[in-house]
Amino acid sequence: MIGNKEILVTGGTGFIGSHTVVELFELGYTPIILDNCSNSSKSIVKQIHLISGKECVFYEGDMRDKAFLRSVFEKHQIAGVIHFAAFKAVAESVEKPLHYYDNNLISLIHLLSCMEEFRVNKIVFSSSCTVYGVENALEPLTETMPVGKPNSPYGWTKWMAEQILIDIASKTELRPVFLRYFNPIGAHESGKLGEMPLGSPNNVLPYITQTAAGIRKELTIFGKDYKTPDGTCVRDYIHVTDVAKAHVKALSHQFDGLYDVFNLGTGTGTSVLELVKLFEKVTGKPLNYRFGERRPGDVDALFADVSKAKKILNWNTERTIEDAILDAWKWEQYRLENEIS
């Protein structure tokens with residue numbers, strides 16, 4: 001654990017951010033949540049409290065407002081930052097590229113300016129497997145593979161953000177850790193915290209649980225002609241709690257170079273159709289689904305080589321896809337019963 005315990009979590013009411021806040025509380029840190037709630041809800045702060053028993057420090061605002069961001073740094077002795085805050089829908093980024101470049105890069109630049117001013121040198125950056133691009137599809141992706149050919153504006157913002165961080169680290173004491181994760185799914189094992197997108201979900205499992213719960217009439221599987229065994233996209237699905245734990249471990253990571261990078265996944269690919277069938281099997285709930293057209297920006301397959309994270313971060317996945325499905329279904333039911341929105 002790093003010395004000072006106050007950790008700024010940008011995007012802390014989002015899916016992965018909120019689960020990371022829970023893990024930070026669990027290990028004695030004091031997370032400071034910052035979010036504009038553009039794709040999340042302030043009600044998540046209450047859910048974090050229910051699980052942790054701790055009162056959350058929460059600031060609602062946009063990181064592109066530098067004066068607001070600076071005021072947060074003035075109020076706290078921040079020792080490190082875990083930076084999640086970003087737009088993250090691949091298909092939407094293809095339709096609204098300027099929207100993504102403006103939000104994802106300007107917010108990071110303002111964050112780094114404040115970190116430099118207040119001498120905060122530790123940042124764990126929420127990156128993405130999309131930085132690897134499409135050329136390595138169908139192969140386990142390793143951290144040594146070349147990056148720089150993403151298939152969407154979202155992926156480019158992650159690649160550009162990594163480059164910005166590397167350039168600054170070369171001239172300052174900033175020491176970033178990049179976590180390139182694959183497809184987080186699931187919910188907290190209590191069933192009291194999970195993914196709660198505003199409007200249409202960007203990820204497949206909320207679509208599945210909402211269809212099973214009757215919120216949606218049917219599930220659309222986008223594309224059935226990919227170069228995969230069953231024609232649907234293959235992804236490396238990983239339980240969100242395992243991803244959250246990796247972020248906390250990365251806070252204390254010590255390294256000799258200017259930065260470090262780790263893949264986070266299970267190392268195994270699962271197709272969308274396999275995920276649907278697995279949901280039906282473990283929950284006993286039949287799903288009404290159909291096949292639709294491909295979404296722009298999607299690639300055939302992405303799955304990770306995670307040997308580096310296991311060896312250096314001493315991190316490993318502890319939960320299965322079945323666990324993730326059951327936890328997500330538990331959260332969906334809890335959310336409906338308690339009218340959380």
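In which sense, left-handed or right-handed, does H3 pass H5? In the predicted model considered here, the crossing of H3 with H5 is right-handed. Two packed helices are described by the angle between their axes and the distance between the axes. For helix H3 (residues 66-75) and H5, the angle is about 35° and the axes lie 10 Å apart. On the H3 side, the contact is made by Lys-66, Leu-69, Arg-70 and Phe-73, which meet His-110, Leu-111, Ser-113, Cys-114, Met-115 and Glu-117 of H5. By class, the residues of this contact comprise five nonpolar, two polar and three charged.

The strand arrangement was examined next. An open sheet is formed by four strands, arranged in the order S6-S15-S10-S13 with mixed pairing. Its edges are strand S6 (140-141) and strand S13 (270-271), each of which pairs on one side only. Two bridges connect strand S10 (residues 234-235) with S13, and this pairing is antiparallel. Within it, Val-234 has Ser-271 of S13 as its bridge partner.

Side chains of opposite charge can pair when their charged atoms come close. In total, 15 salt bridges are present in the structure. One of them joins Glu-162 to Arg-180, with a separation of 2.7 Å between the closest N and O atoms. Because Glu-162 belongs to helix H6 (residues 153-169) and Arg-180 to strand S7 (residues 175-181), the pair ties together parts that are 18 residues apart in sequence. Both Glu-162 and Arg-180 are buried.

A further salt bridge is formed by Glu-218 and Arg-290, whose closest N and O atoms are 2.7 Å apart. This pair links distant parts of the chain, 72 residues apart: Glu-218 is located in the loop between helix H7 (204-212) and strand S9 (219-222), whereas Arg-290 is located in strand S14 (residues 289-292). Glu-218 is partly exposed at a relative accessible area of 32%, and Arg-290 is likewise partly exposed, at 38%.

Glu-332 and Arg-335 also meet through their side chains in a salt bridge, with an N to O distance of 2.9 Å. These two residues are three positions apart in helix H11 (residues 321-337), so about one helical turn separates them. With a relative accessibility of 3%, Glu-332 is buried, because the value falls under 20%. Arg-335, at 13%, is also counted as buried.

Backbone geometry was considered last. Most residues other than glycine have a negative phi, and most peptide bonds are trans. Cys-37, although not a glycine, has a positive phi of about 60°. This residue is placed in the loop between strand S2 (30-35) and helix H2 (43-52). The relative accessible area of Cys-37 is 13%, so the residue is buried. Arg-119, which is not a glycine either, has a positive phi of about 55°. Its position is in the loop between helix H5 (97-117) and strand S5 (122-128). The relative accessibility of Arg-119 is 74%, and the residue therefore counts as exposed.

Terms used
Residues are numbered from 1 along each chain as its sequence is written. This is a predicted model: local features need pLDDT of at least 70, side-chain atom pairs count only at pLDDT 80 or more; totals for chains, interfaces and linings use all residues. Side-chain values use heavy atoms; hydrogens and water are left out. Two strands pair if DSSP finds at least two bridges between them. A salt bridge is a side-chain nitrogen of Lys or Arg within 4 Å of a carboxyl oxygen of Asp or Glu. Buried means under 20% relative accessible area, exposed over 50%, partly exposed in between (1.4 Å probe, protein chains only). Axes are lines fitted to C-alpha atoms, for helices over the stretch in contact, and angles run from 0 to 180 degrees between N-to-C directions. A crossing is left-handed if the near helix is turned anticlockwise from the far one by less than a right angle, and right-handed if clockwise. Contact means heavy atoms within 4.5 Å. Ala, Val, Leu, Ile, Met, Phe, Trp, Tyr, Cys and Pro count as nonpolar, Asp, Glu, Lys and Arg as charged, and the others, Gly among them, as polar.
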